[in-house]
Amino acid sequence: MTPVGSVASVNDPGAALVVGVDSGGSGLRIALAEAASGAVLDSRSSREPVRTGPGGISARHFLDQVLPAVRVLTEPHGARPVVAVAVGAAGMATLGDELRAELPGAFAEAWGVRRLALAADAVTAYAGALGQRPGAVVAGGTGMIALGTDLTSWRRADGWGHLLGDCGSGAWIGRAGLEAALRAYDGRSGGSTALLARAEKLFGPAAGLPGALYPRTDRPAVLASFAPEVGRCAAEDPVAADILARAARHIAEAAEAACPAGPGALVALTGGLFKMGDPLLVPLRAELEERVPQARTVAPAGDPLAGAVALAAALATGTLRLPEDPALLRLSGEGASER
């Protein structure tokens with residue numbers, strides 16, 4: 001491949017390409033796009049998540065998957081240069097030291113890339129959902145985190161895991177639903193016989209729930225698997241409806257903490273949690289109107305892979321407006337020194 005700075009990149013800027021990478025718990029996705037427009041040309045995916053070792057996210061395992069995939073993606077495009085790469089990775093903020101140390105040199109050696117963005121997956125989720133506009137994005141699934149920016153700095157709320165936070169998440173809703181089921185089993189107030197019936201259908205006799213749940217290493221995902229049952233009961237069961245009302249309040253509180261105070265901000269909701277539909281979204285919309293009246297709620301424009309591509313294209317064209325942050329968004333190469 002022709003390195004950056006070659007005749008192809010200088011004389012024909014429209015020929016330049018960028019790469020976006022989304023690395024998460026379910027695998028890895030890679031997209032090749034036009035630098036000028038951000039239009040995706042092709043993509044590849046792997047169901048194998050990047051391993052985490054003593055040094056954090058493994059740079060070697062990451063590169064072993066990404067470099068061959070990009071080679072395949074770029075082959076049909078001849079000498080068109082890759083001029084920027086953006087990587088969004090789950091755990092980047094706390095486990096990304098090895099990636100930050102090794103990826104700039106590896107990409108420079110492989111493709112001559114001189115512009116690189118290494119971002120937390122919440123940042124690429126933000127860029128995919130809202131682009132480079134001020135606001136907040138709430139990413140809800142098994143866990144829950146809100147990330148906002150006024151384009152000067154980032155604001156984070158929650159995302160502390162199922163034991164210390166993730167309030168309103170799928171794991172939080174599922175745990176609250178199972179608690180209500182066990183309250184009904186005991187005959188205590190606040191119980192739900194409807195949720196008890198659904199819990200026993202999914203997990204077996206109620207008395208066996210602690211033994212079935214506590215030893216699991218995937219406990220947050222198991223808890224979250226019960227959240228849809230809470231949603232299905234909410235229309236006719238006041239206990240389930242109250243759980244979702246409380247979840248909506250927690251989610252709106254996180255959005256309020258992350259969202260910039262000035263007018264014109266946007267709020268987007270991303271992630272599988274919000275596929276629950278009206279049982280959660282109706283109370284959540286009401287909470288958002290009360291807590292973040294300065295913001296307008298919008299549908300997300302794209303997913304985290306689209307966000308990684310958008311970051312890479314903005315780096316390539318010198319139009320990146322999202323703020324740098326040592327943990328959330330770190331730039332290397334020309335993009336870092338110019339801002």
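**Entry 1: the second largest pocket**

I began with the second largest pocket of this predicted model, and found that 17 residues line it, with Arg 175, Leu 178, Leu 213, Tyr 214 and Leu 223 lying nearest its centre. Looking up which elements give two or more residues to this lining, I noted H6, helix H8 (209-213) and H9. The largest share comes from H6, which supplies six residues. I wrote down a volume of about 340 Å³ for this pocket, and I sorted its lining by class into ten nonpolar, three polar and four charged residues.

**Entry 2: H6 against H11**

Helix H6 (residues 170-186) lies against helix H11 (residues 238-258) at an angle of about 150°, and their axes are 10 Å apart. Angles over 145 degrees count as roughly antiparallel, and H6 and H11 are therefore roughly antiparallel to each other. I also noted that the crossing in which H6 passes H11 is right-handed. On the H6 side I listed Trp 172, Ile 173, Ala 176, Gly 177 and Ala 180, which meet Val 239, Ile 243, Leu 244, Arg 246, Ala 247 and His 250 of H11. By class, I recorded eight nonpolar, two polar and one charged residues in this contact.

**Entry 3: the largest pocket**

I then turned to the largest pocket, which holds about 1,400 Å³ of space. Its lining is made up of 47 residues, and those nearest its centre are Gly 24, Gly 25, Ala 90, Gly 91 and Asp 121. Several elements each supply at least two residues of this lining, among them strand S1 (17-24), strand S2 (27-34), helix H5 (121-130) and helix H9 (219-224). H3 gives the most, with four residues. When I divided the lining by class, I had 21 nonpolar, 18 polar and eight charged residues.

**Entry 4: H5 against H13**

Because H5 is listed among the elements that line the largest pocket, I looked up its packing with helix H13 (residues 304-317), and the axes of H5 and H13 come within 7 Å and cross at roughly 85°, which makes H5 roughly perpendicular to H13. From H5, I listed Val 123, Thr 124, Ala 125, Ala 127 and Gly 128, which meet Pro 304, Ala 306, Gly 307, Ala 308 and Leu 311 in H13. By class, I counted seven nonpolar and three polar residues in the contact of H5 with H13, and no charged ones.

Definitions and conventions
Residues are numbered from 1 along each chain as its sequence is written. This is a predicted model: local features need pLDDT of at least 70, side-chain atom pairs count only at pLDDT 80 or more; totals for chains, interfaces and linings use all residues. Side-chain values use heavy atoms; hydrogens and water are left out. Axes are lines fitted to C-alpha atoms, for helices over the stretch in contact, and angles run from 0 to 180 degrees between N-to-C directions. Angles under 35 degrees count as roughly parallel, over 145 as roughly antiparallel, 65 to 115 as roughly perpendicular and the rest as oblique. A crossing is left-handed if the near helix is turned anticlockwise from the far one by less than a right angle, and right-handed if clockwise. Contact means heavy atoms within 4.5 Å. Ala, Val, Leu, Ile, Met, Phe, Trp, Tyr, Cys and Pro count as nonpolar, Asp, Glu, Lys and Arg as charged, and the others, Gly among them, as polar. On a 1 Å grid over the protein atoms alone, a cavity is a set of points where a 1.4 Å probe fits but cannot get out, and a pocket is an open set with protein on both sides within 12 Å along at least five of seven lines; lining residues have an atom within 4 Å of a point. Grid points are joined across faces, edges and corners, and a volume is the space filled by probe spheres set on the points.
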